[in-house]
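Subject: Structure handover

Hello,

Please find the structure below, with notes on what was found in it. The notes go region by region and can be read beside the model.

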Amino acid sequence: MSGSVEARLAELGLELPEVVPPLAAYQPAVRTGAYVHTAGQLPMVKGSIPVTGKVGAEVSPEQAKEMAATCALNALAAVKSVVGDLDRIVRVVKVVGFVASAPDFTGQPGVLNGASELLGEVLGDKGVHARSAVGVAVLPLDAPVEVELLVEVGD
């Protein structure tokens, strides 16, 4: 991949959002050594969640997949807030995703592909990661999905 991460975002028609302010007593991202851990990022767009509810009920898997990509974009913004430049990313190590699921919904991995695919499109091989996709009863603000990242960064 040639050029900077933010140039690649622009090529994809994406813009890095402002960091979503914490909803409680935590930081959006914390660096320790060579790693940045993000807090769980909701699919906030300009201060609100476009669609709320459970995936497989009020929210379609396709909508949730798009929102997982939004969560990943918000997580990249949180990483940038700590390291200053997304080109310092060495690799995305782990993605953890939570899907607020209707009782019979079992497609959590497909929903989280939205985040994984976005990271791959933006970061290339550096975006390939390990992942967990977990179904949960409810998420903050009735969000359908939440994503957190563990990213290795260099100086």
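**Findings**

Y26 sits in the loop between α1 and β1; helices (H or I, at least four residues) and strands (E, at least two) are DSSP runs, numbered from the N terminus. This is a predicted model, in which local features need pLDDT of at least 70 and side-chain atom pairs count only at pLDDT 80 or more, while totals for chains, interfaces and linings use all residues. Residues are numbered from 1 along each chain as its sequence is written, and side-chain values use heavy atoms, with hydrogens and water left out.

With a relative accessible area of 32%, Y26 is partly exposed. The classes are buried (under 20% relative accessible area), exposed (over 50%) and partly exposed (in between), with a 1.4 Å probe and protein chains only. Together, L23, Y26 and L141 make a nonpolar surface patch of about 280 Å². Patches are made of residues with over 30% relative accessible area and no salt bridge, with like charges joined within 9 Å and nonpolar side chains (Val, Leu, Ile, Met, Phe, Trp, Tyr) within 5 Å. Accessible areas come from the Shrake-Rupley method with a 1.4 Å probe, and for residues only the protein chains shown count as cover.

L141 belongs to the loop between β4 (130–136) and β5. Its phi is positive, near 60°, and L141 is a residue other than glycine. D142 is placed in the loop between β4 and β5, and it has a positive phi of about 60° although it is not a glycine. Most residues other than glycine have a negative phi. D142 is partly exposed, at 32% relative accessibility.

Strands β1 (residues 29–32) and β2 (residues 35–38) pair in the antiparallel sense over four bridges; two strands pair if DSSP finds at least two bridges between them. They form a hairpin with two residues between them, and G33 in the turn has a positive phi of about 60°. A29 has T38 as its bridge partner in β2, and R31 has V36. On its other pairing, β2 runs antiparallel to β5, and three bridges join them. In that pairing Y35 stands opposite E152 in β5.

Which residues of β2 lie on its covered face, and which on its uncovered one? V36 and T38 are on the covered face, and Y35 and H37 on the uncovered one. T38 is buried, with a relative accessible area of 7%. Leaving aside neighbours within four places in sequence, T38 is in contact (heavy atoms within 4.5 Å) with P28, A29, A75, A78, V79, E148 and L149. T38 and A77 are 39 residues apart in sequence, and their C-alpha atoms are 9.7 Å apart in space.

**The nonpolar cores**

A nonpolar core is a set of buried Ala, Val, Leu, Ile, Met, Phe, Trp, Tyr and Cys residues joined through side-chain atoms within 4.5 Å. The largest one has 39 residues, and those with the most contacts inside it are L76, V111, L119, V145 and L149. Two or more residues each come from α1 (5–11), α2 (61–83), β3 (89–100), α3 (108–123) and β5 (145–153). The largest share, 13 residues, is given by α2. Leaving aside neighbours within four places in sequence, L119 is in contact with A72, L76, V92, V95, G124, G127, H129 and L149. Another core, of seven residues, lies apart from it, and L42, I49, L139 and A143 are among its residues.

**Salt bridges**

How many salt bridges does the structure hold? There are six, a salt bridge being a side-chain nitrogen of Lys or Arg within 4 Å of a carboxyl oxygen of Asp or Glu.

- R8 pairs with E11, the closest N and O atoms being 3.0 Å apart. The two are three residues apart in helix α1, so about one helical turn separates them. R8 is partly exposed at 22%, whereas E11 is exposed at 55%.
- R31 and D155 meet in a salt bridge (3.4 Å, N to O). R31 lies in strand β1 and D155 in the segment after β5, so the pair ties together parts 124 residues apart in sequence. D155 is exposed, at 82% relative accessibility.
- E117 forms a salt bridge with K65, with 3.2 Å between the closest N and O atoms. This pair links helix α3, which holds E117, to helix α2, which holds K65, 52 residues apart.

Salt bridges that share partners also join R31, R88 and D155 into one network.

Regards
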